Amino acid sequence: MEEGRDDEYCSFSNSGDRDGGLSGCFFLDHVGQVLLSRNHDGLSWKCLDSSDCEGTTCLGIINCENSETEIKFSDIYAVEFVSYGLVHSPKLGLRHAKECFRERLLNTQEMYRFTVHGFQSSPKEPCLWNLAAFTFGHMDLQTCQSWMDQLNYSLIKEVERPRNLLVFVHPKSGKGNGSKVWETVSKIFIRAKVNTKVIVTERAGHAFDVMASIQNKELHTYDGIIAVGGDGFFNEILNGYLLSRLKVPLPPSPSDSFNSVQSRGSSSVPEPGDEVHETDQKEHYPLLPDSVQEVMNFRTVNGSCEGIEDPDHPFSSERPRFGLIPAGSTDAIVMCTTGARDPVTSALHIILGRKLFLDAMQVVRWKTASTSTIEPYIRYAASFAGYGFYGDVISESEKYRWMGPKRYDYVGTKIFLKHRYFPNIFTNLNFQKKTLVEFPPNDLPCFFVQAKHCFFELLIYMLM
Ligand SMILES: Nc1ncnc2c1ncn2[C@@H]1O[C@H](COP(=O)(O)OP(=O)(O)OP(=O)(O)O)[C@@H](O)[C@H]1O
């Protein structure tokens, strides 16, 4: 390759402008000659139409339409140098280009290159993100390097992107392809220079034990915890984290509530003619009034939970961040959050630091009698909690994991045909039935990644 040829290909030199922007002429792989510009929030490029051969550039490469294209820094997850090599002509124009400048084309397509990695939403399914890569070529190595430095500098300024992650992989999740899913997406983490410590679980409860026993000091070295698996696996990790750390008083037991209601001489379920305090009711709905009192004691105006955490809390300045890469059988949490049941989409959300707040619920199983020595049993759930038919299906289906996701259909039918029913729940919960697990329509809780609003959006009392 002859030195100094780039002047011949492109009449633009790299230049800066008053806003700190930068522009320069490059060859975009499979597109042709473009004017690349960097502005305050991203990159844009415009195809150049400097044809000296009908419909082609001076290189003999047919230009694309004179349209502008762009990518925001917030959507770029990596910029990397690619070795000296070919920058391809536009696919459609290759034959015509060869006819025009056969010799010259072959000689001039090799150059220094760098690739900008981002994503594009699928046109048919916007929640689905596909990997996108734009490779720019230039004859001058220095120019490529300086653009890469500038772009990487812009990416560093993108806040809240993780650098170190603790990743749990459930190898038998879903159809048994948890490890394969991680293998696929781990390449994206590597390209984005995100460090990962990976723990592949060996048994049920493994991730729980690690999360419960890991020292806060070590946990603090991670920017988040990622589960590669299904909803059950995600909940196991969440519980391992919360049960050992979140110190909160329990909500009033059903018998306490019942006694206090009795002593006030009224029922928690308003009777016709009862005076109703509308504002309070709306604000606290669907929580029990007594529970709301407890919750409010621990919640500050901005939604943080002062005083409930260990002073040595691993994420004291920020709320803990959790991510989920779907590999399960149902993947309900991912469907409620990213909207696409796709590991690549989830990996990109995590790497780009996208977040949603998580509402989690606390489920308390109380002592069956005041004399009972069994302590209340507490669990947290980030997606749903069930009992009765649903509980039976979940526990029974574990025996048929080898069937994959089909086990739910099989076991669901089997349990349905048994026609078991659960009258106890309703008998015992009779006095609270108006406050039990009723989501206001159009106000479904939003789940995901960052646990911020404490864990009491919904309290469920279970009597067993
Ligand atoms: N290595 C392992 N071997 C057996 N069981 C495991 C292992 N690792 C985790 N588990 C258990 O498997 C349970 C179910 O896992 P997971 O949620 O990933 O799969 P799934 O049930 O197929 O998916 P979904 O919850 O979406 O239906 C977890 O709650 C966890 O306790």
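1. A nonpolar core here means a set of buried Ala, Val, Leu, Ile, Met, Phe, Trp, Tyr and Cys residues joined through C-beta atoms within 7 Å. Buried means that 20 or more other C-beta atoms lie within 10 Å of a residue's own, with C-beta atoms placed from the backbone.

2. Two notes before you dig in. The model is predicted, so local features need pLDDT of at least 70 and side-chain atom pairs count only at pLDDT 80 or more, while totals for chains, interfaces and linings use all residues. Residues are numbered from 1 along each chain as its sequence is written.

3. The largest nonpolar core holds 68 residues, and Ile-226, Val-228, Ile-237 and Ile-351 touch the most other members. Helix α7 (residues 231-245) gives the most to this core, six residues; helices are DSSP runs of H or I, at least four residues, numbered from the N terminus. Because domain 1 (6-156) and domain 2 (164-264 + 283-462) both contribute residues, the core lies between them. Those domain bounds come from an automatic or database domain assignment.

4. Have a look at Val-228. Beyond its neighbours within four places in sequence, Val-228 is in contact with residues including Phe-168, Trp-182 and Ile-325 (contact: C-beta atoms, placed from the backbone, within 7 Å).

5. On to the ligand: 21 residues surround it, with Gly-229, Gly-230, Gly-232, Phe-233 and Gly-328 the closest (near: C-beta atom, placed from the backbone, within 6 Å). Helix α7 supplies the largest share of this shell, four residues.

Notes
Buried ≥ 20, exposed ≤ 12 C-beta atoms within 10 Å, placed from the backbone. Helix = DSSP H or I, 4+ residues; strand = E, 2+ residues; numbered from the N terminus. Contact = placed C-beta atoms within 7 Å.
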